[in-house]
Amino acid sequence: MSVPQEFVAVLDFGSQYAQLIARRIREHEVYAEILPHTTPAAQLRGGRAPIGIVLTGGPASVYAEGAPRCDPEILRLGVPVLAICYGMQLACLLLGGDVRPAAGREFGRTRARVLDAADLLEGVPAETTVWMSHGDAVDRVGADFRPLAATDNCPLAAVRHRSAPVYGVQFHPEVTHTVEGGRIFRNFLYRICRARGEWRTASLIERAVAGIREQVKDAGVVCGLSGGVDSAVTALLGHRAVGERLASIFVDNGLLRVGEREAVEKTFREALGLRLRTVDAAERFLEALRGVTDPEEKRTRIGHLFVDVFAEEARGIPGARFLAQGTLYPDVIESVSAHGGPTARIKTHHNVGGLPAALPFGLVEPLRDLFKDEVRRMGTALGLPEDLVWRHPFPGPGLAVRVLGEVTRERLATVRAADAIVREEIRRAGLERHVAQAFAVLLPVASVGVMGDGRTYEAAVAVRAVTTDDFMTADWARLPAEVLATISSRIINEVRGVNRVVYDVSTKPPSTIEWE
């Protein structure tokens, strides 16, 4: 996808939130681009120069041997810099300050006092809640810095350089728990960087269509359609770009939810008028997963087999040399360190790290740099039905990663039935738009129960429901007790082989949304 001239460079020091920072910036209609922390100042000075630079957080200590550093000249370019957490510590260190282990570590919500409300903190209340996550802190800064905010444990919670446009915050404005985080980013972008704001939904669609046309030229394109909003938007963008040279393929891999296949065929053939081919490959996928318990191996085998199926189907499509898929930014960051930074891999997504090294196609991924909310806005603008735009995400590997342990036909039937009950009761309670994702997970354990005065030793099912804006961070949904009671009662009474239901009350991080 072509990008606008106006952009903010986000230098990644290994933060799991690097993409979240980019998303927060884009919310304010300014394009953000993730770059390695090793990007030289000369690259940022010439050509398409950024209007602002953000230094992200990271897991290292700035004083540790081998800790990631940026080119010190970046701080002397005259381009406004917002340095966050590790980034602030590094900027202050490079400009003459000291960083040491904090006297009191801060993790989670913290009250901050604003000492100087000009520029970066313009409009922020005198006291506000911020999200901290640090064991180190800036211990001393030179006379060239002035403090902007403080907490009880961190007297230098925010600073700015007196002569250079360098700002630092020890807290994380990108996390929604920082109440005024959006205002802080807007101040940085429009008050300090003087942004115009060129990153809008209409321009996203235009750039994506132009990018597809430029990439594929006169070749045919096979689109892997899952039925979710990501692949649906990809298919519609591809259709706009190449018309009838796009063939959408939906693979029934036997790992689908109740009614999934029928809903996809009806929506894409009847409502959207796309050329859709359905492939029944359930037996092949189940055979490939026989005896496999490791989640990374599951994802890899599923990813490879998807490509095999697409390749076989593409042989009947003249000139098909490209595979289009709905890969998003969160898929990329959780699968690989995509920008050369020291970010840890969390899990392989079947459509990223799970793909074979040698592909028989060129990959078309028009959404690879986008977040879910951006894709949903595009879907609405492209005319997708509202229920599809807001459909809860479903992982590419399907129910295979919601069956912990070996995937068998019987275990799939169990989790499929339980999952249908969870989704039905969420809809019945009118909570579908209040919950970002809700599903059931079959656990690889059995527990003792009593049914009909007799002892049982049967499976346990976990229910997972989360709220989130971006799927990079998430909180567990506070479902009403009566809804949980109904879900539990129905699963135990209607799904054979289950005698216990538990509710997952963990956040992301430290947990991920999916269990595998």
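Arg24 is buried, at a relative accessible area of 7% (buried means under 20% relative accessible area, exposed over 50%, partly exposed in between, with a 1.4 Å probe and protein chains only). Glu27 is partly exposed, at 40%. The two form a salt bridge, with the closest N and O atoms 3.1 Å apart (a side-chain nitrogen of Lys or Arg within 4 Å of a carboxyl oxygen of Asp or Glu). Both sit in helix H1, residues 18-27. They are three residues apart, about one turn of the helix. Helices (H or I, at least four residues) and strands (E, at least two) are DSSP runs, numbered from the N terminus.

## Basis of the model

This is a predicted model, in which local features need pLDDT of at least 70 and side-chain atom pairs count only at pLDDT 80 or more, while totals for chains, interfaces and linings use all residues. Residues are numbered from 1 along each chain as its sequence is written, and side-chain values use heavy atoms, leaving out hydrogens and water.

## Salt bridges across the chain

Side chains of opposite charge can pair when their charged atoms come close. The whole structure holds 43 salt bridges. One of them pairs Asp230 with Lys372, with the closest N and O atoms 2.8 Å apart. This pair links distant parts of the chain, 142 residues apart. Asp230 lies in helix H6 (residues 229-242), and Lys372 in helix H11 (residues 372-382). Both Asp230 and Lys372 are buried.

Glu312 forms a salt bridge with Arg284, and here the closest N and O atoms are 2.8 Å apart. This pair also links distant parts of the chain: Glu312 is in helix H9 (residues 295-314), Arg284 in helix H8 (residues 282-288), 28 residues apart. Glu312 is partly exposed, at 34% relative accessible area. Arg284 is partly exposed too, at 35%. Elsewhere, salt bridges that share partners join Arg23, Arg24, Glu27, Asp373 and Arg377 into one network.

Strand E1 (residues 7-12) runs parallel to E2, and six bridges join them. Two strands pair if DSSP finds at least two bridges between them. Ala9 has Glu33 as its bridge partner in E2. Strand E2 spans residues 31-36, and five of its six residues are buried, so the rest of the structure largely encloses E2.

E1, H1 and E2 make a right-handed β-α-β unit. Right-handed means that, with the strands pointing away from the viewer, the path from the first strand over the helix to the second runs clockwise.
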